[in-house]
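Me: I would like to go through the aromatic pairs and the sheet of this structure, one question at a time.

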Amino acid sequence: MIQDIAPKKFYNQYAAKKTSANSRILSFSDGKILYRETAGEMDFLTFEQVEAHFMLENEKSELPVYTYLFSIDEEDFFLMDLQDQIFEDFTYHRMFETRRLHPKEYVLAAATGWHLYVWYRDNQFCGRCAQKLVHDEHLRMMKCPSCGNMVFPKIAPAVIVGVTNGDKILMTKYAGREYKKYALIAGFTEIGETAEQTVEREVMEEVGLHVKNIRYYKSQPWGYDSDLLLGYFCELAEEHEIELDETELSLAEWVDYKDVPDDPEGLSLTREMMLTFREKKKREHGELS
Ligand SMILES: [Zn+2]
């Protein structure tokens, strides 16, 4: 999955770090991220390259402000707004395109950087008194110098649900989304409900089915949509026809484990859950040693 980058390690504790020459700079613009792609490999600007660019092109202007994001092993990542600068070879690509690229730790960096960027972008002013917020010195937190309001990063919990019925799993396709492949039932947790209640509610809303034996599987950070995804398996409680919510889904169907497709991308919890179901069934049917 996207977070599985071992032996490399991801460190996300905030610190008021300074850039060094080989720090990586992430810049975003309207659903896009700045990088250079060479044969499926993505590369981010280094601070050294950004500095050299500003020396050459913008003698009089100062470097944009930067914010420390996270580190992967020894490599520090910073957020900087470079939208009005032109870099040779480095261009803005849609966030979605990063999913097919390498190395994997940069895919994680892109998605997580995007999540933090969206949060910083949308939390510049106090929601209580409208003053300009400032960054806390020690924590990933924006605070209001006027009323003391503390604004912490926003993460939206959502469930991914593998509904099974014997040898079959319920697969869906979303209506009007960029992602066109098979998915599982999914939805955001509402204020006041447990994740298990979200599972029951979403399955009922999207396909009109009752489920039982709800079991937690795994979680994953999904910065593309500012989510923390919680994976659950459950079973169909009673035979009933699928009643599709066509505003959400374009398709929902029971798929035999033999027909669950491979997952060359290896990023999403959804796809891992499909494969987990397929391999479990193969073992049960003696098709795996
Ligand atoms: Zn305030």
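The questions and answers below concern a predicted model.

Me: How many aromatic pairs does a search of the whole structure find?
Reply: The model is a predicted one. Rings of Phe, Tyr and Trp pair if their centres lie within 6.5 Å. With the whole structure searched, the number of aromatic pairs is 15.

Me: Is the pair of F28 and Y117 stacked or edge-to-face?
Reply: The ring centres of F28 and Y117 are 5.0 Å apart, and the angle between the planes is 25 degrees. Planes under 30 degrees apart count as stacked. The pair of F28 and Y117 is therefore stacked.

Me: How many residues apart in sequence are the parts that F28 and Y117 tie together?
Reply: F28 is buried at a relative accessible area of 1%, and Y117 is buried at 13%. F28 belongs to strand β3 (residues 28-29) and Y117 to helix α2 (residues 104-122). The pair therefore ties together parts whose separation in sequence is 89 residues.

Me: What is the class of the pair formed by the rings of W222 and Y224?
Reply: W222 counts as buried at 8% relative accessibility, and Y224 does at 12%. Their ring centres are 5.0 Å apart, with the planes at 50 degrees. Planes under 30 degrees apart count as stacked and over 60 as edge-to-face. The angle for W222 and Y224 is 50 degrees, so the pair is tilted.

Me: Over which ring does the charged end of K173 sit?
Reply: K132 lies over the face of F125, with 5.0 Å to the ring centre. For K173, the distance from the charged end to the ring centre is 4.9 Å. The ring under K173 is that of Y182.

Me: Which strands stand at the edges of the sheet?
Reply: The open sheet has 5 strands in the order β1-β7-β8-β2-β6, with mixed pairing. Two of these strands have a single partner strand each, so one side of each is left without a neighbour in the sheet. The edge strands are β1 (10-11) and β6 (45-46).

Me: Which residue in β8 is the bridge partner of F70?
Reply: Strands β7 (residues 66-72) and β8 (residues 75-80) pair in the antiparallel sense over 6 bridges. Ring pairs link F10, F44, F70, F77 and Y106 into a cluster. The bridge partner of F70 in β8 is F77.

Me: What angle does the direction of α2 make with that of β7?
Reply: Helix α2 packs on the sheet and touches β1, β2 (24-26), β7 and β8. Its direction and that of β7 make an angle of about 150 degrees.

Key
Residues are numbered from 1 along each chain as its sequence is written. This is a predicted model: local features need pLDDT of at least 70, side-chain atom pairs count only at pLDDT 80 or more; totals for chains, interfaces and linings use all residues. Side-chain values use heavy atoms; hydrogens and water are left out. Rings of Phe, Tyr and Trp (its six-membered ring) pair if their centres lie within 6.5 Å; planes under 30 degrees apart count as stacked, over 60 as edge-to-face and the rest as tilted. Helices (H or I, at least four residues) and strands (E, at least two) are DSSP runs, numbered from the N terminus. Buried means under 20% relative accessible area, exposed over 50%, partly exposed in between (1.4 Å probe, protein chains only). A charge sits over a ring if NZ of Lys or CZ of Arg is within 6 Å of the ring centre and within 35 degrees of the ring normal. Two strands pair if DSSP finds at least two bridges between them. Contact means heavy atoms within 4.5 Å. Axes are lines fitted to C-alpha atoms, for helices over the stretch in contact, and angles run from 0 to 180 degrees between N-to-C directions.
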